[in-house]
Structure formats: structure tokens, C-alpha cells
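Here is a short report on one structure. Look at the sequence and the fold first, then read on.

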Amino acid sequence: MFNLGILISGRGTNLENIIKFTEKNSNNINITSIICNNPEAYGIQIAKNYSLPLEVIDHKKFQNRENFEKEIDIICNESKVDLICNAGFMRILTSWFVDKWFNKQINIHPSLLPSYPGLDTHKRAINEGVRFSGCTVHFVRSKLDSGPIINQAVVPISPDDTAESLSKRVLKAEHIIYPQAIKLIAEKKLKVIKNKVVYNNYFSPKEFIINPTEIN
Ligand code: GRF
């Protein structure tokens, strides 16, 4: 069994997509813990709909970040989590937590990193006239939205795109690449060497190119 802990803060579409992926694939990937820091998040309802183990840990109730993170650490250890997946988790983590889960915590970000870390990625990309956006799954490091890149999807930007229309297409791509990254890690198909992801076998870049018809 390969156990996932999912951290969320919001609407939870990536969470639901990962749940469906684990249900569809009888490949021993299991969600043993869902943790949400925002008591108002819609994602809580999703976890409940699927009757999965859920903890709502309101970060505002803690005096400092480390005490909040200690709770997450305890839950993930108790539920024997092998990999933490941040799925729209909006808290910056201290290096204490990042080091504890070094190469065992991944995040999805709605841009082609290292371009556009942080917030408002779609608006910034459109304003600067870039032609391609996309999304990235990467291992978590202390610096925000940095860390070894596992996989990415490219989403073309059209002249009439708004941040909203682009975000919808990028989200579809997110839902393709996040399970792909989880599967690669669960199946031990990659390593991190000198802060870079190296695949054990050669994968044709074609395997990481998403057919635009899937995301239009
Ligand atoms: C996604 O766009 C993800 O890339 C970013 O936060 C958003 C979360 O969306 N980190 P959802 O809660 O999974 O729907």
C-alpha cells in the first residue's frame, strides 16, 4: 500500500480528482488522511461525500506555524502517510515541516514553474503577453513554489483568454498531471538527484505532452 495525505484549503477539485484516481486504479494507492486548515472550505464536503478520514485543523487556533504543523505531522504519521499532496493548500510551511517531509511532499501550481510562482498566475501571464501557460507538480521546498519539478503540462493562451477562462483550462490539465505524478512516485519511477528529478527509465517527452483536445 502507498498512502497519501492530502492537504487542502479550498474548493477541492484536485482532491476529488485524486480520490477518483485512487478509486479507479487498483494500484494500491490509498488516501489515509485529508487535512483542511479552513473550516469554510468546500473541500470538506467532498471528503465527507466519499467518507474519507478528514481532520479540520484551523490554523488560526494555533499560536505559531510550528504548533499547527506539528498537528499535521502527527496525523500524517499516525495514518502512515507515504506522500503528502498539497492540493490548493494555502499555508506557507516552515522549514521544520518541509525538512520532515523532504521528498515526501508534493504540490501542484497553476503555472509553468519557475515562471509565475505565487498568486494570480493567470492574470500575470495574460498581462505580460506570454503565449503558453500550464501547470507544474513539484516536490516541496522552503522557498515558495520552488523544488524539483516532477511533471508539467503546457496550455496555450488565446488572445481572448481571461484569467478565468485560462484557469479553467489549466485546471483540466492539473487534473491530468497530478495523478500522473503521484503514480510515478508510488511506483518508484523517479529519484531526486542534486535537487532535480531524474526518471529511472527514459520516458518519451510525448508521454508528458497533453493532447490539447483534452483540455479545450
Ligand atoms: C489549483 O489551481 C492549484 O494549482 C493551486 O490551487 C488551486 C486549487 O484548486 N495550488 P482546487 O481546490 O484543487 O480546486
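## A cis proline

Proline 114 lies in the loop between S5 and helix H5 (121-127). Helices (H or I, at least four residues) and strands (E, at least two) are DSSP runs, numbered from the N terminus. The peptide bond that joins leucine 113 to proline 114 is cis. Its omega is near 10 degrees.

## Basis of the model

This is a predicted model, in which local features need pLDDT of at least 70 and side-chain atom pairs count only at pLDDT 80 or more, while totals for chains, interfaces and linings use all residues. Residues are numbered from 1 along each chain as its sequence is written, and side-chain values use heavy atoms, with hydrogens and water left out.

## Two residues with positive phi

Serine 51 sits in the loop between H2 and strand S3 (54-56). Its phi is positive, about 50 degrees, although serine 51 is not a glycine. Serine 51 is exposed, at 67% relative accessible area. Exposed means over 50%, buried under 20%, and partly exposed in between (1.4 Å probe, protein chains only).

Asparagine 103 belongs to the loop between helix H4 (95-100) and S5. Its phi is also positive, near 65 degrees, in a residue other than glycine. Asparagine 103 counts as partly exposed, with 26% relative accessibility.

## Helix H1 and its surroundings

H1 has 12 residues. From first C-alpha to last it reaches 16 Å, close to the 16 Å expected at 1.5 Å a residue. That expected span is 1.5 Å times one less than the number of residues.

Which residues of H1 are buried? They are Asn14, Leu15, Asn17, Ile18, Ile19, Phe21 and Thr22. These buried residues pack against strand S1 (2-8), strand S2 (29-36), helix H2 (43-49), strand S5 (105-109) and H6.

## Where H1 crosses H6

The axes of helix H1 (residues 13-24) and helix H6 (residues 163-186) come within 10 Å and cross at roughly 50 degrees. H1 is therefore oblique to H6. Angles under 35 degrees count as roughly parallel, over 145 as roughly antiparallel, 65 to 115 as roughly perpendicular and the rest as oblique. Axes are lines fitted to C-alpha atoms, for helices over the stretch in contact, and angles run from 0 to 180 degrees between N-to-C directions.

H1 contributes Thr13, Asn14, Asn17, Ile18 and Phe21 to the contact. H6 contributes Leu171, Glu174, His175, Tyr178, Pro179, Ile182 and Lys183. Contact means heavy atoms within 4.5 Å.
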